[in-house]
Amino acid sequence: MRKAIQVAKWEYLERIKNKSYIFMTFIFPLFIFGLALLPALLENEEDVSTKVIGIFEKNISVYTEIEKSLLEYKTRDGQPTYILRKISTDDNDINKVTELGSKLIKEKAIEGYIYLEKVSTDSFIVEYYTEKFAALKDIARFEKAINHVLTNERLKLVNLDPEKIKELTKSISLKLVKLSEKGKEKFETEKVFLGTFFFIMFLMISLIMSAGLLVRSVVEEKSNRIIEILLSSCSTNELMAGKIFGLSALGLTQIFVWIVIAISAGGPVILNYIQLQDFGFSLIYFVLGYIFYASLFIGIGSIATNEQESQSIMSILSMLVMLPIFLSSIIFQNPESKLGMYLSYFPLTTASMMTMRINLIEVSLVEKSVTLLILILSIFGSIWFSGKIFRVAILSYGKIPNISEIINWLKSK
Amino acid sequence: MLRVINLHKEFTNVVAVDNLSFEINEGEIFGLLGPNGAGKTTTIRCLLNIIQPDRGEILFNGSKEYDIKNIVGYLPEERGLYTKSRIIDVLLYLGELKGRSRSFVKEQATYYLKKLGMEDTVNRKVNELSKGNQQKIQIISALISDPQILILDEPFSGLDPINQELVRDLILEFINEGKIIILSTHQMELAEKLCNKISLINKGKQILYGPLNEIKQKFGRLNLYIKGKNLDEGLKNFSEFETVDLYENYAEIFLKDHFNSKEVLQKLLMKYEITSFELKEPSLHSIFVMSVKQSGK
């Protein structure tokens, strides 16, 4: 045990200095959070200046209504974001309109212009002309305003009161309340989904990252034969256990740093988006899941004999790790799904499936205990499996073993 | 004393070590010799308890109750270290992994680094050193825990003559403390100079074993050593010669059983400018070659 701890300490202290580890630990989360929060931040970006938009109407006159509808958008200093300017020519000839519009845009009198033509009672031509690429935000707002006005027009045609319709068709939003032992809890589905998803994502990313470091370190030790010196000092089991401890400690450090960064960088913002119902159990599944994967990876990783092979092995391991992420949609669609329940008993997906399920639905204590037991037994199983492979693989150089050889290793005493 | 009794290890379809037995006393350098694939590495791995033998016993001072991992220092044939780590960190790790205290390992590291003239490299990274110096660090790492038994696999390969001398001194210093060295090598001259006792194995079987001088005596015949200017492959055509090992300025000849040295000398003088003609006990190299050939028959 003492030697295993020494190996773990070495692995931990050496890997933690690794540049890609440092990058992934400190830069990556900022990048991810940035990416996740950017759209939200952009959406809230205030408009700076007022834009003059031209409007040409044929067979219809609704421009005051459209302008009124656009009044809901204000610049930072309270001015309307959009002012409409009616453009017209004597004979409303399409070519002349285009000419005038272009001229006004060139003179910077308008930003662009809307072409609105009523073809029949229920058919309109609506186009927006501009010289530069229009901001998607503007387009979306024009679309909304024009739709609103034209819908009202059509309602009036059949003698319906738009206000009345709006009132009558008001949609409701369903508030979810989760009944649990703790009593009533307000439950914000999106936040919990997102929270659980992030939780699993980070588990997997951290695993792929640390597993990569680990496989490379085993390959290095094999190729420079240090492994023989190590094995002349400790047993294969001690060496392997040390590596599993070291790897798990690395991963958990990484997660800890990520949590600290998340809370200190955008604490309230992030907590607005993320919510976990059962943090305690989530953490237990996380740690056990991590150790399970780590102990499995060490066996599979040890068969690589050079950098190239370690990369192909890593891609297989990455797929294994991505599996729960792909399967997570099953749970998000329906947390009660039978498949999700079965997958909770399958060691490779136990940790992720259970993390999702315990946060989304009420899972009985029996089920929690059984899955935890499965996970713990699987850890022993994968340590046994990896031990068998590791023992032989770390001393075989030159070529990657085939399946039948690996089966022979597993059968050997 | 290290005693190996009937050590046997088989892999799928291959007998790697076949009932091997030997004894090494304190203060002895034991040569484990044999061609490639003879079973030397497997024997060493069994000794190190890296792999389990199918049969046989290994006793240290008459007992099975010892932890070989804590009393052995090992230098594998192929060299390598954690290249990106600091020398002192590597040495501390490898020393502590042998169950030694940090302060003890530190003391040892300082001692050996100083002895090999490398005390200023202690905080440098391994890959900042020359190849030769990296090798020296590796030799230090085998000695750092002050082991009872030292297993060296080709310790001199890749070392220049000056460093070879340094390492030789380390080996002799170690053995003078009454410890055990197992030296695995192909370099027969080296084994001949250093070893007190040898075991020659081929295809897993021990074909020669014992103190070096006894083995030479037991071989019971003399070899012919000639020096001369124009020695060439033509020597192999002499009917009296069993085998000829041709070197830069001399040849060692393994003679057939019945020969007349006078006739041989006359024949030689007719063809070559012989400057020296000597009959003496065979070199370990020729014993090695002959024994391997005979055991293969």
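In this predicted model, the contact between the two chains draws on 14 residues from chain A and 17 residues from chain B. On the side of chain A that touches chain B, helix 1 (2-15) and helix 8 (226-231) of chain A are the elements that give two or more residues. Helix 8 of chain A provides the largest share, 5 residues. By class, the residues on this side of chain A comprise 6 nonpolar, 4 polar and 4 charged.

N224(A) lies in the loop between helix 7 (189-223) and helix 8 of chain A. Leaving aside residues up to four places away in sequence, N224(A) touches G80(B) and L81(B). With 19 other C-beta atoms within 10 Å, N224(A) is partly exposed, because a buried residue has 20 or more.

Chain B is divided into two domains, listed below.

| Domain of chain B | Residues |
|---|---|
| Domain 1 | 2-216 |
| Domain 2 | 221-280 |

The centres of domain 1 and domain 2 of chain B, taken over C-alpha atoms, are 38 Å apart.

Chain B also contains an open sheet of 3 strands, antiparallel in pairing and ordered 2-1-4. Strand 2 (14-24) and strand 4 (55-60) of chain B each have a single partner strand and stand at the edges, so one side of each lacks a neighbour in the sheet. On average, neighbouring strands of this sheet are turned by 15 degrees against each other, direction ignored.

Strand 1 (residues 2-11) and strand 2 of chain B form an antiparallel pair over 7 bridges. F11(B) has V14(B), in strand 2 of chain B, as its bridge partner. Helix 1 (residues 40-47) of chain B lies across strand 1, strand 2 and strand 4 of chain B, at about 60 degrees to strand 2.

Key: Residues numbered from 1 in each chain as written. Chains lettered and ligands numbered in written order. Predicted model: local features only at pLDDT ≥ 70, side-chain atom pairs only at ≥ 80, totals over all residues. Contact = placed C-beta atoms within 7 Å. Helix = DSSP H or I, 4+ residues; strand = E, 2+ residues; numbered from the N terminus. Nonpolar A, V, L, I, M, F, W, Y, C, P; charged D, E, K, R; others polar. Buried ≥ 20, exposed ≤ 12 C-beta atoms within 10 Å, placed from the backbone. Domains from an automatic or database assignment. Pairing = 2+ DSSP bridges. Axes fitted to C-alpha atoms, helices over the stretch in contact; angles between N-to-C directions.
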